[in-house]
Amino acid sequence: MPAKIISAFNGKGGAGKTTLVTNINAHMKTKELKILVIDTDPQRNLYGINAPDFVHYEPSLFNIMKKEISIKKVIQQTDGYHLIPTSDNQNDLNTSINDLTALKNSLEEIQDEYDIILIDNSPAFTPLTYSSLLSSQYILSPCQVTNECLDAVLDLMALVNSDDFKNINPNFKGVGVFFSQYNLASKRQSIINRSIVDNFRRMSRIFGFKIFSTSIPKNVDVNAASAHHKDIFQYKEKSPAATAYKQLTDEIITFINMGGE
Ligand SMILES: Nc1ncnc2c1ncn2[C@@H]1O[C@H](COP(=O)(O)OP(=O)(O)OP(=O)(O)O)[C@@H](O)[C@H]1O
Ligand SMILES: [Mg+2]
């Protein structure tokens, strides 16, 4: 069966996209899934966490988007998964992309070789991000419990429900949202959270996105893990965030196995 292609995206910066890709990749690896991770974000945060020692940046996604090289030549093998690196000249790239389907077409060449393709995106809505979303069957959208984050999800829903998007990406299945930094600190906070979560639920019914039942607690171990270039399981297997990320990964696997239901 061809790989399921999953993008992490939220137009709000710092929502938890890179942390998501890092930790679900880490847990999916333990399930013997063949995984390709693609970084499209010029910030390169993913490597800061995942592979500081051995990633090299040439050739990169840049060469795929410019159609200069076969995708197979860009894939690097790392610890238990494969990787396509971003490049640092993406400002140039974004202004010169003339085929938004270059990534989608390249991924079709290798889709049979993987179970899962995970794409980390920048929060900026650039042609590169658009190319990446057009290649994906699923979009996972981490959210802080704020109305600003909900607005960013609604912008995303407007995009995926547009005719242009559906025409180019007829295999798109759905958007799944989860709370990536859930703060249980105070009673007052929990009252605020509850009313914002109610807004998310109402909008999810209107616009048709899923809200996963697992939330990731706001937890200093998540921050500390990335500062140590580790995923949460390597850093502190018994952390509440590690337990939550395992549970979320299992929910995500069910979501994609059910075709986005
Ligand atoms: N559950 C959590 N608890 C505490 N800190 C967290 C949690 N999730 C993420 N963070 C921290 O929040 C910051 C932003 O997370 P991350 O880099 O994953 O966001 P992003 O959406 O990829 O950001 P960008 O939009 O810049 O790409 C990081 O420092 C990360 O360690
Ligand atoms: Mg990021």
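**Close-up views of a predicted model**

The residues of the shell around ligand 1 divide into five nonpolar, 13 polar and three charged, where Ala, Val, Leu, Ile, Met, Phe, Trp, Tyr, Cys and Pro count as nonpolar, Asp, Glu, Lys and Arg as charged, and the others, Gly among them, as polar. This is a predicted model, in which local features need pLDDT of at least 70 and side-chain atom pairs count only at pLDDT 80 or more, whereas totals for chains, interfaces and linings use all residues. Residues are numbered from 1 along each chain as its sequence is written, and chains are lettered from A and ligands numbered from 1 in the order in which they are written.

**View 1. The shell around ligand 1.** Ligand 1 is surrounded by 21 residues, of which the closest are G13, K17, T18, T19 and V222; a residue is near the ligand if its C-beta atom, placed from the backbone, lies within 6 Å of it. At least two residues of this shell come from each of α1 and α10 (220-227), helices being DSSP runs of H or I with at least four residues and strands runs of E with at least two, numbered from the N terminus.

**View 2. The crossing of α1 and α12.** The axes of α1 (residues 17-29) and α12 (residues 240-257) come within 9 Å and cross at roughly 75 degrees, which makes α1 roughly perpendicular to α12, a term that covers angles of 65 to 115 degrees. Axes are lines fitted to C-alpha atoms, for helices over the stretch in contact, and angles run from 0 to 180 degrees between N-to-C directions. From α1, N23, I24, H27 and M28 meet Y245, K246, T249 and I252 of α12, contact requiring C-beta atoms, placed from the backbone, within 7 Å. The residues of this contact comprise four nonpolar, three polar and one charged.

**View 3. Strand β1 within the sheet.** Eight strands form an open sheet of mixed pairing, in the order β3-β4-β2-β5-β1-β6-β7-β8; two strands pair if DSSP finds at least two bridges between them. Five of the five residues of β1 (residues 4-8) are buried, so this strand is largely enclosed by the rest of the structure; buried means that 20 or more other C-beta atoms lie within 10 Å of the residue's own, exposed 12 or fewer, and partly exposed in between, with C-beta atoms placed from the backbone. K4, I6 and A8 point one way from β1, and I5 and S7 the other way. Five bridges join β1 to β5 in parallel, with K4 opposite I116, and three join β1 to β6, also in parallel, where A8 has L140 as its bridge partner.

Key. Parallel < 35°, antiparallel > 145°, perpendicular 65-115°, else oblique. Contact = placed C-beta atoms within 7 Å.
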